Every structure is written in C-alpha cells, then in structure tokens.
Amino acid sequence: MTEKQKKATAYWKENLRYLVILLIIWFAVSYGAGIIFKDALNAIRIGGFKLGFWFAQQGSIYVFVILIFVYVRLMNKLDKKYGYNED
C-alpha cells in the first residue's frame, strides 16, 4: 500500500468515526429525548411547552442542523490535516 493510499484510508476512518459519533448524538436526542425520556422531560417547561414535546417536535431538528455545522467544521479541519483542503 502506497503512502497516498494509507493517508486516504486514515482520512476515511477518521471521517467515519465523526459520522458515527454525530449520528449517535442525533439518535440520542431525537429518539431518546423525544420518545424514551419524554415523560421525565415533560416535567420541565420551555415557553409554556413541555420539554419532551419540544424535543419531539423541534429540538431534534435544531440539534440536527447544529450537527451539520459541527460536521462541516470537523471536516474542514480533517481536510487540512490530510492535505485535501481547497484553499
């Protein structure tokens, strides 16, 4: 395996690790907070709405959008680290 192939393999392994971590966070927020822990979270209110309901309706979408920006930032750093940036 050439040095270029090793670099590409390391790049994709790190990329997949980021993806798995971010998807686990999204799953935990959308499924966990919106469904599993809904009853416990409903004891807290935000703007008059129960927190469990808020996560089920809005929170998971907001977290997903934030995770997109986090992923972009992580990938920009990763691209620089491995020399794949377009700057």
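The following legends describe views of a predicted model of one protein chain.

**Figure 1. Secondary structure and overall dimensions of the protein chain.** The chain holds 3 helices and 2 strands, counted as DSSP runs (H or I of at least four residues for helices, E of at least two for strands) numbered from the N terminus. Their order from the N terminus is α-α-β-β-α. The chain is more spread out than a compact globule, because its radius of gyration of 18 Å is well over the 12 Å that the globule rule gives for 87 residues; the radius is taken over C-alpha atoms, and the rule is 2.2 Å times the number of residues to the power 0.38. The C-alpha trace spans about 60 × 25 × 15 Å along its principal axes.

Figure 2. Residues 16-37 are 95% helix and 0% strand, with end C-alpha atoms 28 Å apart. Residues 52-72 are 100% helix and 0% strand, and their end C-alpha atoms are 28 Å apart.

Figure 3. Of the 87 residues, 25% are buried, meaning under 20% relative accessible area (1.4 Å probe, protein chains only). Among contacts (heavy atoms within 4.5 Å) with a separation of 6 or more, 59% join residues 24 or more positions apart.

**Notes.** Residues are numbered from 1 along each chain as its sequence is written. Local features need pLDDT of at least 70 and side-chain atom pairs count only at pLDDT 80 or more, whereas totals for chains, interfaces and linings use all residues; side-chain values use heavy atoms, with hydrogens and water left out.

Note on methods
Buried means under 20% relative accessible area, exposed over 50%, partly exposed in between (1.4 Å probe, protein chains only).
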